[in-house]
Each structure stands twice: as structure tokens, then as C-alpha cells.
Amino acid sequence: MIEYSPKKKNVVNLDGGLVDVWRHMTVQNLSTSAKRSLDDIQEAMLFVKGIENLESTAQLDDLKIIQEIVKRLGARIRIVAAPSDSANEDENVDRDVTPRPPAPPDLLKPRAPVVTVMGHVDHGKTTLLDSLRGANVASGEAGGITQHIGAFMVDLESGEKVTFLDTPGHAAFSSMRARGAVATDIIVLVIAAEDGVMAQTKEVISLAKDVDVPIIVAINKIDKPEADIERTKQELMQMGLELEDHGGDVQVVPISALKGTNLPLLAEAVSTQATLMGLKADYTGLVEGVVVESKTDPRRGKLSTAIVKRGTLRKGAVLVSGLAHARVRGLFDHNGKPLDQAEPGTPVEILGWRELPLAGDLIIEVESEKKASSVLRWRQQEAQKEKAELSLEEIRKKEEEHLAKYRAERDARRLAGWFRKRSGIRSKEITETDNGTARVSVIIKGDVHGSVEAILDVLETYTGNDKCRLDVVHYGVGNVSETDVELAKSFNAIIYAFAVAPPTKAPPGVSIRCCNIIYRLIDDLKEEISAKLPPLEVEEIVGEANVLQQFFITEGRKEIPVAGCRCTKGILKKSQKFRLLRGNEVLYDGSLESMRHLKNEVDTIKKDVECGLRLKDTKVVPQPSDVIVCYSTRTETQKTDWDPGF
């Protein structure tokens, strides 16, 4: 007899040849699930194409490859969900990030105060800052009007450092001024001595009261002969400010920004106010700050100017602001010089944003880019939820309007009958001009976010959509791109490039208009809207006559009424139109059949001359004390009544 030695039985998995697999499992996971040694798994992987890494931690992303490996092992796969790990699952949940709680007092150190210079347009804010930092910014501003928020640090003679924010004074930039107030510790309110308290001055005072920020008043242009300091102080007291001269706590410094008069006194007032406030900050931990302005530089990319409020900002930090994030690649001061770090109270230009942050948004540092992505996902989901909730009411309203329109048409079809309704040409569902209403479409591109936002705020004040629609097709920050040009072609839109460069070769049929002052942009847009409006028919009164007597003449077998009149104003012309008034009621509006003076047919009747007037409509019978008005009509180009507030 021949005896055979029994073969070694390799214990495969106990589930009847089924191996639980899932996407992105590791080699070690497959070994555990198949209940086979790691060597067996790796040996089987050698016979499968497309596998390069045999390490136990290598991930298997393709289910077909996993199936081939299990097939080599002599088993079948069963696709299941990946086993949940509570710790990892908690890490993967998207969450928002919020500012840290206040730091303990022992970690706080003194910081530079943030001072915002505010006031009415052309009251000398930028000139004051020029004198403080020894630069000439006002000459570089378009039209001498500050279009952006400038942030920079000034070293005072006392050795202290102060961060200054220069905000626009124009009404269109109220949102930018509001952001300056939120990020500031002290407000320097600049008032021209010859003008006194103006509209934006009142707005700044109410804004400071709302956010509870102390005010230092700088009465500028005291060197002018028409300057009246006492009148300005009285107006300020009427606005509710308690001045130091009258026992209050608001400091008032008369200055001349152009000649440098009393500027040391103003710097000393700022230093004293900052000392009284005891401004301190935490220099350690994750950074917190506020975006002052953001823009796209054609050479360096997306940049933002920010004020650091807490922590010390360094290169390599991962920042989140609104729906934007950045890994800091460079830090620069207001002169463009590189910085190694930025401490609390320091204005800094940050390079490295993936998307542009919105001015006024909070900047928070996070531990890693993975955390930043998680925060952005959470914020985007919340923004979509909020947008959906806001749109829900509008959707319901449109549904109701659609249903009402449908029911009205359905009832009309039922009344008209099936066949009678089907005759005629089908009208367009969407007309280009919304039932004859003219339309002006625009694309807004600006150099910084604040300017674009301010322009959009002004466009929101337009209320003449019933006469001519104003549609903003697209807006953004940066130079005019090819996408903008294609959009302009599709929508027949005008591209307004605000302080940005137009494309080198503009295609025919696309209007690209460059401007750097908001007044001129709005004036040009008003002209475009006015050109789209239909001409108006204007009436011009030529003369008036009183009916003195009523008599009839016989023409054939008919009696025709004739009004015996005297011209009381202007002249009466037979070729013009006539209107018969009895009290406030118009009885006739049309032309004359005949105009006679002393039985002679005439074309005109002068003032204080009597005449007989016969109307075209013989059914209208003039009576004594009626008034006949002679008028002419002419067409006149219509202009929009849009008043943006300046």
C-alpha cells in the first residue's frame, strides 16, 4: 500500500469565503478582514497589476484591485461601510472656529493704539495724515478724494507708535467708514473751521456713540480768514458732544494740517487718550485680526491689509477670514518693506490668500490647512442654508404669482372655448425688455473690495426700474478678464473698470469705460439710463381766451355753436391745439375748424383782441365763463430722476 501524507490545511476565513472590504482600506485592514497573514496578502498583491506599494499602511483606493487580491486568495468580496472610529469621526466633523476667550491679565502687554481719522469730504483728513507721517498721499488720490482705507504706523516724537486708519469722507463710502470704526480704539474727527458740522460729521458722531469709541476733535484749516472755531464748537455741543472747555471729556485741538500748526498737541492728545484707556493685548497664541481692505495686485496676487488684534503674526501661519483662507507667504508694512512678524496693533499687508477676504471680516489663525478646509466647508454649508431660507419666501411668492396667472389664463381659455383660443401667434415667454421696459446692464470691476462694495451700495439707491431696469450682471475685484468680456457680449453690458487696467485689445462691440472717481462713474451711468428712456411729450401754453358769448351759425340745415372770445394771455394760433375748460373739467381737446375776427378768417389772434372760435366737434357747446387754452406739444429727451445722494 502506498501511503500519502495529508496536505496542510490553511485555515481561510470562517465566513464561508466572504471577505468584508471597503474603499480606501489599508493592506493591514485587508489582512485583518480576510483573517490571513500579512505575508499572504502581500504575496497575492505581487500577482495583481497596478499595485506599487506593498507596505501595510498603503491604501487601496480601487475596489477592483481589492477584488483581484481577494480572488487570488480564493475568496469572494462583500462591500461594506468602513468601520467607524469615534475619535477619527469626531476629528472629521466640520466645525466653525471662533475667537479665543479673553486672556488672563498676566499675559497682557501694552500695544499701539489704532486711531481712525474721520470727517466730511475735503475737510483735510488725508493732508493731516500726510503731515503726521511726512508723505504726500493726497496728490496721489483721484480728484483729491480718498477712495480707499489706508492703514499705516506713525512714530511720534515721544517714541510711542500709533496706527492710523484714513477712511473716505464721502457718503458713498459709509460702509468703509463703519469698518474703520469697528477696528479702531480712538476716532480723530476732522472738521473744517470754515464749514463746521456737515452731513458726514453727524454720521461719524452717531457711529462713534453706537460703538462706544472716544472722540478727539481736530478743528482744521484755522489759518483761513473765514475760520470760526467758536461756532464750530457750539455746533459740536448741539450734537451732544461734551467738550473739555465746558467740563466734558472730549478733547478739541485747533490745527492747520497744511502748515503743521498744533500737530504736536494733537499727537499728545492721542497719546494721553490711549494712556487713559490702558490698551493691552495678548502677544501669544493664535492670531486674531480685522481685514481693513483687500485687493488683487497684478504682480503679487491677492493681498489684504489687516490690523492684528491678538497674537503675533508670522510667515507660514494659516488664516481663515469669512469664506477665504491663506497660508501667509509674506508680510509687508505700509511702505512695502518686508516684515518678519506683526504684533498687536500693527497694520500689515498679508500675501498668500487663496480667495480675497471681505473688508471688515475677522481673521482667525488655525492650526493647519486641514482645519482651515474644515472651517470653510462648515461656513459654506451655513451660508447655503441661510441663502435657502432667505430665498424660500421669495420662491413661495413667485409660485403664488405663477399659479394666479395660470388660473386666470385657464379660466380665460374655458370661457373662450378650445378652438378660438388656438388662433394667433404664440407670444414670447421672456421678452428682452420686460414688456417694453428699457434695460441697462453693467459689469463692475474694481481694484479693491471696498470700492466695489461702495459702488454697489450707490447702485442700490436706484429706484427707476419701472422706467429703465439697471442690472448688475457681474462684479469683482481685479483687472478686466476675458470672462468679463464674454459676459458683456452675452448680456450687452457696459464694463466699468474702477481704478483697474482694461485689456490691451478690447473686442469690437464691448464698451469698457475706465474711471477712478465714483462721481464720474455714476454720472456716466445716469447718461446711459437717460439715453434709454423714451422721449417725453411736453406741453407749452401759447395763449388763453375767455368765452364771453355763445351764439350759433347756420350751415345748411345744421346749427353750429361758435364761441365769442377775448384773448387774455399770449396769442391764439389756429394751427395749434385747443382745450375747452369748464372749471377743472376738460370738455374738448383738439383742433379748430375756424378762427375769425370781424367776419374775416385769420390765423392768429393777439392779446385783448376779440374773435370767434369754432371747434371741430360740433357736439361741444361752449358757454360764457368757459376758458379756451391754446397749446403746442413738443418732444423732449427724458432724464432719469435718480439721486444717489451727491
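This is a predicted model: local features need pLDDT of at least 70, side-chain atom pairs count only at pLDDT 80 or more; totals for chains, interfaces and linings use all residues.

Colleague: Okay, where does Lys 599 sit?

Modeller: Lys 599 is in the loop between β30 (592–597) and β31 (600–601). Its phi is near 65°, a positive value in a residue other than glycine.

Colleague: And what about the phi of Asn 262?

Modeller: Asn 262 has a positive phi of about 65°, although it is not a glycine. You'll find Asn 262 in the loop between β11 (251–254) and α9 (263–277).

Colleague: How is Asn 262 classed for accessibility, and why?

Modeller: Asn 262 has a relative accessible area of 26%, so it counts as partly exposed. That class covers values between the 20% and 50% cut-offs.

Colleague: Let's switch to strands. Is Ser 304 buried or exposed?

Modeller: Ser 304 is buried, because its relative accessibility is 1% and buried means under 20%. Ser 304 belongs to strand β14 (residues 301–310).

Colleague: Which side chain does the side chain of Ser 304 make a polar contact with?

Modeller: With the side chain of Trp 353, at 2.7 Å. Leaving aside neighbours within four places in sequence, Ser 304 also has contacts that include Val 291, Glu 293, Val 348 and Pro 357.

Colleague: What about Val 328, buried or exposed?

Modeller: Val 328 is buried, with a relative accessible area of 3%.

Colleague: How far apart are Val 328 and Val 318?

Modeller: They are ten residues apart in sequence and 6.5 Å apart in space, going C-alpha to C-alpha. Beyond its neighbours within four places in sequence, Val 328 is in contact with residues including Leu 313, Gly 316, Leu 319 and Ile 350.

Colleague: Now the helices. How do α1 and α2 cross?

Modeller: The axes of α1 (residues 27–34) and α2 (residues 38–45) come within 9 Å and cross at roughly 115°. That makes α1 roughly perpendicular to α2, and the crossing is right-handed.

Colleague: Which residues meet there?

Modeller: From α1, Val 27, Gln 28, Leu 30, Ser 31 and Ala 34 meet Leu 38, Ile 41 and Met 45 from α2. By class, the contact of α1 with α2 has six nonpolar, two polar and no charged residues.

Colleague: Why give both an angle and a distance?

Modeller: Because two packed helices are described by the angle between their axes and the distance between the axes.

Terms used: Residues are numbered from 1 along each chain as its sequence is written. Side-chain values use heavy atoms; hydrogens and water are left out. Axes are lines fitted to C-alpha atoms, for helices over the stretch in contact, and angles run from 0 to 180 degrees between N-to-C directions. Helices (H or I, at least four residues) and strands (E, at least two) are DSSP runs, numbered from the N terminus. Angles under 35 degrees count as roughly parallel, over 145 as roughly antiparallel, 65 to 115 as roughly perpendicular and the rest as oblique. A crossing is left-handed if the near helix is turned anticlockwise from the far one by less than a right angle, and right-handed if clockwise. Contact means heavy atoms within 4.5 Å. Ala, Val, Leu, Ile, Met, Phe, Trp, Tyr, Cys and Pro count as nonpolar, Asp, Glu, Lys and Arg as charged, and the others, Gly among them, as polar. Buried means under 20% relative accessible area, exposed over 50%, partly exposed in between (1.4 Å probe, protein chains only). A polar contact is a pair of N or O atoms within 3.5 Å; within protein, one must be able to donate a hydrogen and the other to accept it, and residues adjacent in sequence count only if both atoms are side-chain atoms.
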